[in-house]
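Here is a short briefing on one protein model.

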Amino acid sequence: MYKNILVPTDLTDKSEPAIREALSIAIRSDGQLHLLHVLEKLGGEIDGELEAFYQKLAGQADETLTRWQQHFQSEFPGVPIEKVIAVGKRAPEIIHCCEEERIDLIVMAARTVKPEQKSFGTLSHQVALFAPVSVLMVR
């Protein structure tokens, strides 16, 4: 049913349940996984100094994604896992990646918000509102 599954990640361990859930779906549907990490862009134009900064962050992100890719491919050998690194605002970049990679499901970790926080601006909420595909939020 879902052939191209996107898992946005902040590269922390809290992403692991979402990755595992996405892999479980992908293995049943002969699908593939796209691990996406977005480097949050600071305001303004990117000059040479900022470019070097983003390149360093992208390198670190690629190392982490490569480790995860190898680890999860050993557990789920039938599921191709692609790495994607983008620079920009997180929610718009996730939506953009959906269109570029022909994603048909987004699986992401959801933060638990306490009622007294009255915060409806979480990343998972933004993605769920604006994504052109179904979104599964994993706690």
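The side chain of Thr 9 reaches the backbone nitrogen of Leu 11 at 2.9 Å. That is a polar contact, meaning a pair of N or O atoms within 3.5 Å; within protein, one must be able to donate a hydrogen and the other to accept it, and residues adjacent in sequence count only if both atoms are side-chain atoms. The model is predicted: local features need pLDDT of at least 70, side-chain atom pairs count only at pLDDT 80 or more, and totals for chains, interfaces and linings use all residues. Residues are numbered from 1 along each chain as its sequence is written, and side-chain values use heavy atoms, with hydrogens and water left out.

- Thr 9 sits in the loop between S1 and helix H1 (16-29). Helices (H or I, at least four residues) and strands (E, at least two) are DSSP runs, numbered from the N terminus.
- Thr 9 is buried, at a relative accessible area of 7%. Buried means under 20% relative accessible area, exposed over 50%, partly exposed in between (1.4 Å probe, protein chains only).
- Leaving aside neighbours within four places in sequence, Thr 9 is in contact (heavy atoms within 4.5 Å) with Ser 15, Leu 36, His 37, Leu 65 and Trp 68.

**The sheet**

- Five strands form an open sheet with parallel pairing, in the order S3-S2-S1-S4-S5. Two strands pair if DSSP finds at least two bridges between them.
- Strand S3 (81-88) and strand S5 (134-138) are the edges, each pairing on one side only.
- Neighbouring strands are turned by 25° against each other on average, direction ignored. Axes are lines fitted to C-alpha atoms, for helices over the stretch in contact; angles run from 0 to 180 degrees between N-to-C directions.
- Five bridges join S4 (residues 105-109) to S5, and the two run parallel. Leu 105 has Ser 134 of S5 as its bridge partner.

**Helices on the sheet**

- Helix H3 (residues 90-101) packs on the sheet and touches strand S1 (4-8), strand S2 (32-40), S3 and S4. The direction of H3 makes about 145° with that of S2.
- Helix H4 (residues 123-130) also packs on the sheet, touching S4 and S5. The direction of H4 makes about 165° with that of S4.

**Cysteines**

- The structure holds zero disulfides (pairs of cysteine sulfur atoms within 2.5 Å).
- Cys 97 is buried at 6% relative accessible area, and Cys 98 is buried at 3%.
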